[in-house]
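Open your viewer and get ready to click along. We will take the stops one at a time.

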Amino acid sequence: MADRSTRSLPPSTPTPAEDLLDALGPIKGFHDTSHLGAFGMPSGAMTEDMLAGEAVASQATRFGPLEKVHAFWFAGMSCDGCSVAATGATNPSVESMMLGAHPGIPRVILHHPVINIESGPHYLRPAEEAIEGTLGAPYVVILEGSIADEVVAHAAGGYWSATGEEPWGADGELRPVSSTEWIARLAPNAAAMIAIGTCATWGGVPSAEGNPTGAMSLMDFLGKDYRSVLGVPVVNVPGCPPVGDNFTETVAAVLYFLQGFGPLPEFDELGRPAWLFGETVHRRCVRGAYYEEGTFAQEFGDPECLVEIGCWGPVVNCNITSRGAVKGIGGCMNAGGACIGCTMPGFPDKFTPFYKRPPGSLASTTVSRMVGSIIRPLRKFSNNNLNREARWDRQGAAPSAFSREKYEPSPLADVGHRFYDKMRRASDTARGDAAVWGKRPDEAPSGGRPRTHT
Ligand code: SF4
Ligand code: SF4
């Protein structure tokens with residue numbers, strides 16, 4: 001069988017999702033939960049029922065036709081890091097969306113294998129209803145982890161990653177249902193398909209060179225013509241793991257759209273939220289000024305720009321330095337880590353070996369070093385002057401015991417500062433009548449005494 005990860009797909013070629021459904025055939029029926037009793041859940045409690053008392057939106061808060069939206073979370077070839085990232089989000093938080101706490105956003109009925117309290121067939125029943133068309137509310141599907149090529153596994157009599165069992169085997173036997181199969185069956189009637197994390201958005205680590213699974217992204221699986229029932233292409237929130245707030249904010253924006261508040265938010269040509277991934281991470285990096293001044297870290301722990309020890313930030317779309325990792329805090333370069341491009345479609349193969357200088361950085365760092373060797377002393381010169389009160393210039397000394405070891409500006413430096421002040425004040429329309437503060441004594445209308453050098 002051809003390797004789907006490398007062959008190109010002309011428009012008429014069936015998508016991998018269609019290939020899989022062809023290989024598996026139609027489903028034969030669902031669990032009869034009326035005979036299951038308390039299978040795996042002696043308390044009999046369902047998450048939706050448990051939260052309903054607190055969460056049901058009223059007419060006064062929902063501001064739209066939808067009271068609730070189901071969100072089915074599936075994990076493919078995944079490490080569960082995206083679940084950790086999403087549950088750590090704060091703006092908005094998963095809990096607040098499950099509780100319908102945001103006016104205008106329908107409450108989210110989340111079906112997540114780690115968060116929900118129901119288990120077994122009771123956990124799977126809403127997904128069955130979504131396939132049957134009896135769910136009674138719109139649904140979105142969220143995928144973490146990449147899509148394994150289950151056609152290959154099926155042909156060998158196995159599967160790569162599964163979520164539960166259904167009576168879809170020969171003669172109604174129970175068989176494990178791959179996450180890939182759930183996605184293929186749920187996608188046609190979903191209100192939106194959302195990929196979280198780089199494995200789901202672009203294939204990520206499981207699709208790296210040498211992988212045996214044919215791992216691919218949700219976009220690759222559903223094909224470029226995929227649209228949800230509301231006309232939405234696959235939405236991608238990349239990152240390994242992604243910033244949790246990037247994900248929940250995007251979900252909230254899509255839910256506002258589903259509720260009828262305005263158009264679909266702006267996504268770029270790859271389905272990324274354009275307002276979050278439109279800039280390179282370098283442009284907001286806390287170490288950017290070091291790059292500009294041509295000073296570079298030589299080992300981790302140094303405060304300067306990390307490009308020479310492997311940072312790809314100048315060519316990577318990411319917002320973690322401005323948004324932070326969790327609750328606005330942390331994030332790679334903020335915390336000392338170099339960017340390895342984890343949000344990018346080319347990750348990881350186009351960024352390896354990690355923590356080696358990107359070859360293309362040599363030209364720009366050489367120029368930065370040359371310019372910086374001139375700019376840094378000039379800035380230091382002005383910085384020295386700006387670290388002095390105008391009063392100290394007149395008095396000729398800074399009155400701090402800490403400055404005992406600090407020399408006053410030399411006569412040459414002082415002439416330079418005066419020259420700089422003249423340039424600065426050339427456009428000062430308040431000159432003359434203004435108070436003396438901030439002016440050199442020889443330009444002040446009155447007061448001040450000539451400075452002396454010690
Ligand atoms: S650490 Fe990376 S992102 Fe930050 S300034 Fe240096 S190259 Fe740019
Ligand atoms: S800075 Fe680089 S490594 Fe860090 S999250 Fe962004 S893309 Fe990933």
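Which residues surround ligand 2? Select the ligand in this predicted model, and you will find G239, V281, V316, C318, I320, C332, C339, I340, G341, C342 and T343 around ligand 2. Colour that shell by residue type: eight of its residues are nonpolar, three are polar and none is charged.

Next, turn to the sheet. Five strands make up an open, parallel sheet, and you can follow them in the order β2-β1-β3-β6-β7. Look at the two edges: β2 (107-111) and β7 (235-237) each have a single partner strand, so one side of each has no neighbour in the sheet. On average, neighbouring strands are turned by 25° against each other, direction ignored.

Now select residues 139-144 and 192-196. These are β3 and β6, which pair in the parallel sense over five bridges. Within this pair, E144 sits opposite I196 of β6.

Helix α6 (residues 120-132) touches β1 (68-75), β2 and β3, and its direction makes about 110° with that of β1. Helix α11 (residues 244-258) touches β1, β6 and β7, with its direction at about 160° to that of β7.

Finally, show the nonpolar cores. The largest has 64 residues, and the members touching the most others are V140, V141, M193, I194, I196, L218 and V235. Pick V235: leaving out residues up to four places away in sequence, V235 touches A192, M193, I194, A195, T250, V254, F267 and G271. A separate second core of 25 residues includes C305, W312, A325 and C342.

Note on methods. Residues are numbered from 1 along each chain as its sequence is written. Chains are lettered from A and ligands numbered from 1 in the order in which they are written. This is a predicted model: local features need pLDDT of at least 70, side-chain atom pairs count only at pLDDT 80 or more; totals for chains, interfaces and linings use all residues. A residue is near a molecule or strand if its C-beta atom, placed from the backbone, lies within 6 Å of it. Ala, Val, Leu, Ile, Met, Phe, Trp, Tyr, Cys and Pro count as nonpolar, Asp, Glu, Lys and Arg as charged, and the others, Gly among them, as polar. A nonpolar core is a set of buried Ala, Val, Leu, Ile, Met, Phe, Trp, Tyr and Cys residues joined through C-beta atoms within 7 Å. A residue is buried if 20 or more other C-beta atoms lie within 10 Å of its own, exposed if 12 or fewer, and partly exposed in between; C-beta atoms are placed from the backbone. Two residues are in contact if their C-beta atoms, placed from the backbone, lie within 7 Å. Two strands pair if DSSP finds at least two bridges between them. Helices (H or I, at least four residues) and strands (E, at least two) are DSSP runs, numbered from the N terminus. Axes are lines fitted to C-alpha atoms, for helices over the stretch in contact, and angles run from 0 to 180 degrees between N-to-C directions.
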